[in-house]
Amino acid sequence: MTVDLPDDLLAPDAVRDPDAAAAVLREHDPVHWSPTHRAWLVTRFDDVVAACRHPALSSDRVRPLMERREPSHDASHRMLALISEWMVVTDPPAHTRLRRLAGAAFKQQQIAAMEERIQTLVDELVDGFLADQGTDLPRDLIAGVAYPLPAIVIAEMLGAPPEDRDRFREWSDELALVAFGAGGDARPDRHERALRGLEEMAAYFRELVALRRRDPGGDMLSAMIAGDGSDTDGLSDDELVGMCALLLFAGHETTTNAIANAIRLLTADPALRDRVRDDPALVNPAVEEALRLVGPIKVLVRWVIEDHELRGRTIRRGERVYLLLCGANRDPERFADPDAVDLARERATHIAFGRGIHACIGAQLARIETRIAVGTLLRRLPGLRVEGEPEYLPTIASRAQRSLTVVHDGVAAGSPR
Ligand code: HEM
């Protein structure tokens, strides 16, 4: 019997159920050449982990695009130039330096100490969400809680004044549109408007950098300006602007989707939902299982810079490799009963945050935000359930629901804490 191998990750079936598509590939052709994407699709856990550490696979994927184009002064070129400096799209040695400087600033932030503030923000957002329940506003938990939370956290972390919070949310959308061509709005002028918005964002960060150079605070931008003490190769103003944009881009939509996807997964089974609600110790393992089963990033992209073999296939220089985190995270060779939520599973063995030198630098913050948001929502909205089937945005990289319409049985007594 021949098996129909899924080839197009943007086909409606694969967008609706990426895990099923990845399962077929993982079983029948774990290193699959996709003519549609002109890329190798890699789906087994061990292969994906090894690929994340393989020196023949490069993350430097924006600069070559720019070099192939005519240099120009248009906004789109300037934005690509900003993005091409992001550490997530660089290789060593440039990456090593940027990561060291950002890592030092993250350490100084004492992320764990932000828990109390994040709890306050979540409670405020849930209050607002509940206050809207009496009106005709849609009961979309993404718009009400999961979307604004990480934007506010990043804005505060960077030391931006509170009145600028909403602009961070807009810029984040615009960044996604330019970096990935994502976004549901297909109006032709949308791209141009996004670029204008991003120019405004870059100008804003430039001013914030100048302000924090003159008047440092306890925020992460001030820590990045101060450097790691080595004092020889601190970040330039352009690099600081790029770093602010990257943190917003990498930390916003991902965390929104982590919260939304976890809520859908955990409320789908009322017994599981109530177990997690009644035992706060289960929130952490429940969030880890959600990251594994419905993680916000489905695919990582790498460029091949040296011919090499993988499972008998020759992977050639110049080709692309798609690492399917969604395939790896349900690999039965790695996880017993991989499609089940198992709250007793060993912690953090999944690959939702990547591996190797680019492994997510914001994982601790993302985990704290997701745990607090999920724990609080289950506690404060008893009987929480999601209406309708999920509708995912048609993107290769992210698992992003368009909305999350919920109902619940009232408000828990005595909340917020
Ligand atoms: C649940 C939420 C998140 C998920 C699932 C996630 C996932 C990932 C993954 C898979 C990578 C590796 C990319 C690659 O190898 O190409 C990554 C890198 C990165 N993440 Fe996250 N992330 C999340 C939240 C955050 C947050 C909150 C921040 C910061 C505020 C952040 C900042 C970054 C940065 C700067 C990188 C690039 C690191 C490097 O290139 O060395 N992420 N993330």
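Angles of 65 to 115 degrees between two axes count as roughly perpendicular. In this predicted model, the axes of helix 13 (residues 237-267) and helix 15 (residues 283-294) cross at roughly 100°. The pair is therefore roughly perpendicular. At their approach, the two axes come within 9 Å. Two packed helices are described by these two quantities, the angle between their axes and the distance between the axes.

The contact is made by residues of both helices. Helix 13 contributes Ala258, Asn261, Ala262, Leu265 and Leu266, and these meet Ala286, Glu289, Ala290, Leu291, Leu293 and Val294 of helix 15. By residue class, this contact between helix 13 and helix 15 divides into 9 nonpolar, 1 polar and 1 charged.

Helix 9 (residues 148-157) is mostly covered, with 9 of its 10 residues buried. The buried residues of helix 9 include Pro148, Leu149, Pro150, Ala151 and Ile152, and also Val153, Ile154, Ala155 and Met157. Just after helix 9, Gly159 adopts a positive phi of about 80°.

Tyr147 is found in the loop between helix 8 (141-146) and helix 9. The relative accessible area of Tyr147 is 18%; buried means under 20%, so Tyr147 is classed as buried. When neighbours within four places in sequence are left aside, the residues in contact with Tyr147 are Ile142, Arg169, Asp173, His252 and Thr256. Tyr147 and Asn257 are separated by 110 residues in sequence, yet their C-alpha atoms are 8.2 Å apart in space.

The iron atom of the ligand has Cys360 as its only protein donor. The donor atom is SG of Cys360, at 2.3 Å from the iron. Cys360 is located in the loop between helix 16 (325-328) and helix 17 (363-380). With a relative accessible area of 34%, Cys360 is partly exposed.

The count of disulfides in the model is 0. Cys326, for example, takes part in no disulfide. A disulfide requires two cysteine sulfur atoms within 2.5 Å, whereas the cysteine sulfur nearest to Cys326, that of Cys52, is 13 Å away. Cys326 has a relative accessible area of 6% and is therefore buried, while Cys360 is partly exposed.

Conventions
Residues are numbered from 1 along each chain as its sequence is written. This is a predicted model: local features need pLDDT of at least 70, side-chain atom pairs count only at pLDDT 80 or more; totals for chains, interfaces and linings use all residues. Side-chain values use heavy atoms; hydrogens and water are left out. Axes are lines fitted to C-alpha atoms, for helices over the stretch in contact, and angles run from 0 to 180 degrees between N-to-C directions. Helices (H or I, at least four residues) and strands (E, at least two) are DSSP runs, numbered from the N terminus. Angles under 35 degrees count as roughly parallel, over 145 as roughly antiparallel, 65 to 115 as roughly perpendicular and the rest as oblique. Contact means heavy atoms within 4.5 Å. Ala, Val, Leu, Ile, Met, Phe, Trp, Tyr, Cys and Pro count as nonpolar, Asp, Glu, Lys and Arg as charged, and the others, Gly among them, as polar. Donors are N, O and S atoms within 2.8 Å of the metal (3.2 Å for Na, K and Ca); water is not among the atoms, so sites may look incomplete. Buried means under 20% relative accessible area, exposed over 50%, partly exposed in between (1.4 Å probe, protein chains only).
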